[in-house]
Amino acid sequence: MREEYGRYHWYPGHMTKAVRMMQENIKLIDLVIELVDARIPYSSQNPDIDRLAAGKSRILLLNKADLASAEANAQWAAFFREKGIHVQEINAKTGEGIKAIDALVREACREKLERDKKRGIVNRPVRAMVAGIPNVGKSTFINAFAGKACTKTGNKPGVTKGKQWIRLNKSLELLDTPGILWPRFEDAKAGMYLALVGSMNDETLLLEELACDLLDCMQELYPGAVSERYGVLPAAEAQETLGLIAKARGCLGKGDTLDDRKAAAILLEDFRSGRLGRMTLERPRERE
Ligand code: G4P
């Protein structure tokens, strides 16, 4: 099966096994901790999550908040909160924002805990799983959230063999394997954004085209960023700007000609690592 995002392609074939596992695992848990990329919260969200997580408590984490604009993070958090979603900005790499998650979990699971209490069930920990599209930071988050203090609880009776639960505290257990979700297939813009943040394999992408798409997005959203980083004034055509960046950075190919592909790789890497500044590519109002 091949899904297309306009010029960008997504090969979900290799994910089939992971997705099946996710569907199995979701039966074991009470709470889904869903990660999206704060730079593209809409495009990096699984389109079927409402159906997949039906009946489960949920929290949504805007991860890589350090790479997204602070103002847009606040806008997205307000947008989701207005929809009744429990949301938090985090940086899984440094652990920023992670302390606030315990309170969010309690809030999200309040009804379940009260229901348990009425039925005389006390001290049964909430079981949670982390889910999100590839490369959104699931493993990094699990490591940061679980920290060093955690103990693996090992196999439990009544739980599918081989499942590992990490006991975070007396009221929360986390499945150690994250659920891998697929992103939105339906629009070309989402595909481009996913390629830009690096959630697709670059080998299948045309780097120069992708870099030109990034230059077009930046020209619209962060017009000063190119000249600030590379000391060149953006031209009318993105391809030309890429040539200027190649020149400024001394990207030479065979026969000492300028190599736009090298410049594209530099630009994309600078964007993905935040060296071009904190940038959010989509805003809530576009998606309402
Ligand atoms: P996954 O399990 O969802 O597939 O994602 P994973 O944790 O492997 O993270 C994917 C990449 O995103 C990693 O970078 C990771 O360090 C980075 N990352 C995760 N969370 C954050 C965050 O909040 N902020 C930033 N800036 N980066 C984050 P990598 O390049 O693959 O590895 P490395 O160079 O960091 O070792």
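Residues are numbered from 1 along each chain as its sequence is written, and side-chain values use heavy atoms, with hydrogens and water left out. Because the model is predicted, local features need pLDDT of at least 70 and side-chain atom pairs count only at pLDDT 80 or more, whereas totals for chains, interfaces and linings use all residues.

**View 1. The chain as a whole.** The chain holds eleven helices and ten strands, taken as DSSP runs numbered from the N terminus (helices H or I, at least four residues; strands E, at least two). Of its 288 residues, 48% are buried, that is, under 20% relative accessible area with a 1.4 Å probe and protein chains only as cover. Among contacts (heavy atoms within 4.5 Å) with a separation of 6 or more, 69% join residues 24 or more positions apart.

**View 2. The shell around the ligand.** There are 14 residues around the ligand, of which Asp 66, Ala 92, Lys 138, Ser 139 and Thr 140 come nearest; a residue is counted here if one of its heavy atoms lies within 4 Å of the molecule. Helix α6 (residues 138-146) supplies three residues, the largest share of this shell.

**View 3. Polar atoms facing the ligand.** A side-chain N or O atom of Asp 66 lies 2.8 Å from a nitrogen atom of the ligand, while a polar backbone atom of Ala 92 lies 2.9 Å from a ligand oxygen atom. An N or O atom in the side chain of Lys 93 is 3.2 Å from an oxygen atom of the ligand. The protein buries 62% of the 710 Å² that the ligand exposes when taken alone, with areas from the Shrake-Rupley method and a 1.4 Å probe.

**View 4. Aromatic pairs.** A search of the whole structure finds four aromatic pairs, defined by ring centres within 6.5 Å for Phe, Tyr and Trp (its six-membered ring), with planes under 30 degrees apart counted as stacked, over 60 as edge-to-face and the rest as tilted. The rings of Phe 79 and Phe 80 form an edge-to-face pair, because their planes stand at 70°, with centres 5.3 Å apart. Phe 79 is buried, with a relative accessible area of 12%, and Phe 80 is buried at 4%. The rings of Phe 141 and Phe 145 are stacked, since their planes lie at 20°, with centres 5.1 Å apart. Both residues belong to helix α6, four residues apart, about one turn of the helix, and Phe 141 and Phe 145 are both buried. Ring pairs also link Trp 76, Phe 79 and Phe 80 into a cluster.

Key
Polar contact = N/O pair within 3.5 Å; in protein donor to acceptor, adjacent residues only side chain to side chain. Buried < 20%, exposed > 50% of the residue type's maximum accessible area, 1.4 Å probe, protein only.
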